[in-house]
Protein chains: 4
Amino acid sequence: MITWKVSERPLLYKPVLVEGLPGVGNVGKITVEYLVQKLKAKKFAEIYSDHFPYHVFIDKKSTVNLPRNEFYYYKGAKHDIVFLTGDFQSMTPQGHYEIIDAVLNFSKELGVKEIITVGGFGVEGIPKNPQVLGAVTHEKIIKGFKEFGVTFEDGERVGMIVGASGLLLGLGKLRGFEGICLMGETFSRPMFTDARASKAVLGVISEYFKMPIDMNDMNLKAKELDTAITKAKELEEQMVKQTNKPEQDLRYIG
Amino acid sequence: MITWKVSERPLLYKPVLVEGLPGVGNVGKITVEYLVQKLKAKKFAEIYSDHFPYHVFIDKKSTVNLPRNEFYYYKGAKHDIVFLTGDFQSMTPQGHYEIIDAVLNFSKELGVKEIITVGGFGVEGIPKNPQVLGAVTHEKIIKGFKEFGVTFEDGERVGMIVGASGLLLGLGKLRGFEGICLMGETFSRPMFTDARASKAVLGVISEYFKMPIDMNDMNLKAKELDTAITKAKELEEQMVKQTNKPEQDLRYIG
Amino acid sequence: MITWKVSERPLLYKPVLVEGLPGVGNVGKITVEYLVQKLKAKKFAEIYSDHFPYHVFIDKKSTVNLPRNEFYYYKGAKHDIVFLTGDFQSMTPQGHYEIIDAVLNFSKELGVKEIITVGGFGVEGIPKNPQVLGAVTHEKIIKGFKEFGVTFEDGERVGMIVGASGLLLGLGKLRGFEGICLMGETFSRPMFTDARASKAVLGVISEYFKMPIDMNDMNLKAKELDTAITKAKELEEQMVKQTNKPEQDLRYIG
Amino acid sequence: MITWKVSERPLLYKPVLVEGLPGVGNVGKITVEYLVQKLKAKKFAEIYSDHFPYHVFIDKKSTVNLPRNEFYYYKGAKHDIVFLTGDFQSMTPQGHYEIIDAVLNFSKELGVKEIITVGGFGVEGIPKNPQVLGAVTHEKIIKGFKEFGVTFEDGERVGMIVGASGLLLGLGKLRGFEGICLMGETFSRPMFTDARASKAVLGVISEYFKMPIDMNDMNLKAKELDTAITKAKELEEQMVKQTNKPEQDLRYIG
């Protein structure tokens, strides 16, 4: 069961869909949310699904809203952009296919032919200077993005792309869309939000659209992250020391 | 698969849907069941779903019935009321959406434009004088209910409303309904039924509909609850004492 | 997805559906299979569902068959009988509703208005003289079956009937069918097949249809069960003795 | 949700569907992939389903593809052959039925009346000279395959066939197809790929289609397997020795 709430049918010039939803390092979501905010993109549609959680959120005005994904548009120079973001991906495998199917139909109606999906790629440790890895629907797309510093690794490290970022390209390819997934290297630990990985992806997007993006706030978030990481490391070292104290295991020795 | 059994199509004046189904502290269910009983509301419809459990109950007459939700109506002064209650909510996430969708369609046919859902909000410990917290579909609804003592907390404590009470408002809002969820503070422990929280919600409902409700039986239940809580605390204290007896752990010491 | 394979459309006189599928003590399945065999009932239909397991069985002729439920008919004196049995019930809750819905539609086409479902009711220990408990769609059915020794207990012991035996009556009642569930008291342990409980139910069915049933083979099975129970008890006692030997726990004492 | 991508509609002479998908010992998949490679069969169709995993794979060209099953055809002498293989079977029971249903419809359109499914049959230990066990839709098929050395065991050892290899025959039988499942005896341990079992099945297929198959590469794989097994055994023996060292359990003795 899918419900659309569409408040405007914008006329768009060569629109590109840029998707970022929750996932590893939350890279997709914060990247697209940052773009929406900085570019003052305009919300024009929402999609609701019975494969999102069966609850409502209460916001600061004490009003309730169902989980949903949101569409924004931005009138750019080289391309107009349709942004897709939200608080959730489908809770079920079948729901993933159903929602992405609906999103692709909607995108086609808007004139979208090109899709950029944003995600994180989990690595060991927290990368100081995260790379942006790429995977494409068609080989011809690789060359242009290599020039913007995107790394392509022949599927050796990144074996698969799970969820919306993957299915948009996979199902999209079957229906005539072209696209790329941009994955910022990040720390694969739940609840970790990685501003540094997002910064790296934003750089690529800025170059691709020939569109300057005010990076001040994201730089700030990256610094806050640095501070938080330093603190967490200190805390961890303390805990390790305490855990290794010999009394701990005495009862096993009897 | 949804099956309706409708025995009457009542003509209703400005009907408000008041929902209370099983949930935290069972506040919703006992509140609406109490209203149905005291107001002698009349049953006129039942809804069956394959997302309810796949068994029948045997009642005191040795007859069997499928799990179901039930609709009652009451002819009031300010508003007629449609009550929705039952022994179950959907067993699956998708079922929640499907059933609430059907309930909203049915409500629209009855002329319902306003929905009050009743639930419990779990807190630490058993509140002696539970507050009634509110969350609404539209900001304009807040003011009136504040006057009846409902607390609105900007989504800080209550982050979300799970199940029917939430979806009725969330999906309902998308389809032009207005409404509020009234949540009595209660003890968030399974199988706990909280008459005190129900009393608090009943007070708000009575004021909203300008409708006196005989509270004697609910007061009685609240007193029984007080007695039960006192006993449970004594029992718990005894158990704590016994558990702390030193012999218990001897075998670990070896 | 439901697939029917119907080899004959029999003309039936006041047909009654008698259902027995796997369940507690396997009482339903062995009772109906025994009736099919003794009455030489004729197979005329099979129902297949994607809610049965996704495998085929290999039979003694090395041929494969999907899991299915089977329909047989028997031309009786007072009533013709449609038997429903098989190796499986649905593996999912939604499947239960879907299959029973299809069975009820099929039964209606055959002219069935009355349904007898057979199951087991699990009790502590293995009952020597199991009672047959009943639950009905309509109160008026009780009286006749009381005369055949069926016990009706006002829903106190038997709170619910799970699966096909319950849903056939529950969904059936909503569509104008009348019926009873006959439950033989049995030992509620998995993989236990209770010929004594089946004997008790067969007695009721024989009386209801005024139809003698050759009980020799079932008596034999009941005797084999008696022997098996005696042996199992002896084995259990031996094991209890051995388990209680003091050496067993030495390592915990240290 | 099923999506077909069909690049060619070949005219086929008495086509036989030969299926091999991942399963026990991976026998089905490697057998059919080997045939596709050695016979230079031509890919002409792909099937996608929302019951496959909800991710895309990244291949060596950094391009993404959804999980899918693939169809190839080969123009043979006695029969043309349609091969079905792929990286996945359905992740859900209902999906198995839905996909096989679609495959059967597609096969019927291609003129297929006969189906050979290939799988492994798990036994204890790693069989040096694995037998090929058979199970059929119709008894008349047995005789011919017995002549090629296939063993039929009256369902005594092999009780059931799970997944695509079973459902293709089971659902196929209901729709007028005939067929056989060829099961190579193999070691039932996950992630184990058994070239010896595949060799045995390839022998039968070669004889059935009167079609020589270049076995050099498969013989090589079988030898590599032999070497790997020998090494694994040595490793296991070492581990057993180490595990049995008496110090290990000291702490339990206290």
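This is a predicted model: local features need pLDDT of at least 70, side-chain atom pairs count only at pLDDT 80 or more; totals for chains, interfaces and linings use all residues.
Residues are numbered from 1 along each chain as its sequence is written, chains are lettered from A and ligands numbered from 1 in the order in which they are written, and side-chain values use heavy atoms, with hydrogens and water left out.

Consider how the copies are related. The superposition is by least squares on the C-alpha atoms of residues with pLDDT of at least 70 in both copies. Chain D can also be laid on chain A by a turn of 90° and a shift of 0.0 Å along the axis, with an RMSD of 0.1 Å.

Next comes the interface of chain B and chain A. Here 32 residues of chain B are in contact with 25 residues of chain A. The size of an interface is often given as the accessible area lost when the parts come together. Chain B and chain A bury about 2,300 Å² between them, 65% of it on carbon and sulfur atoms; buried area is the accessible area (1.4 Å probe) that two parts lose on being put together, summed over both. Of the area that chain B buries against chain A, 27% is supplied by Gln94(B), Tyr97(B) and Leu174(B), more than by any other three residues.

There are zero salt bridges between chain B and chain A, a salt bridge being a side-chain nitrogen of Lys or Arg within 4 Å of a carboxyl oxygen of Asp or Glu. The rule does find 10 residue pairs in polar contact across this interface (both at pLDDT 80 or more). A polar contact is a pair of N or O atoms within 3.5 Å; within protein, one must be able to donate a hydrogen and the other to accept it, and residues adjacent in sequence count only if both atoms are side-chain atoms.

Which elements give two or more residues to the side of chain B that touches chain A? They are helix H2 (93-110), strand E9 (132-136), strand E10 (160-162) and helix H4 (164-174) of chain B. Helices (H or I, at least four residues) and strands (E, at least two) are DSSP runs, numbered from the N terminus. H4(B) gives the largest share, seven residues.

Strand E4 (residues 55-58) of chain A and E10(B) run antiparallel and are joined by three bridges; two strands pair if DSSP finds at least two bridges between them. Val162(B) in E10(B) is the bridge partner of His55(A).

Chain A also meets chain D, with 25 residues of chain D in contact with 32 residues of chain A. Tyr54(D), Ile58(D) and Ser62(D) supply 29% of the area that chain D buries against chain A, more than any other three residues. Three bridges join strand E10 (residues 160-162) of chain A to E4(D), and these strands run antiparallel. In E4(D), Val56(D) is the bridge partner of Ile161(A).

Methods:
Contact means heavy atoms within 4.5 Å.
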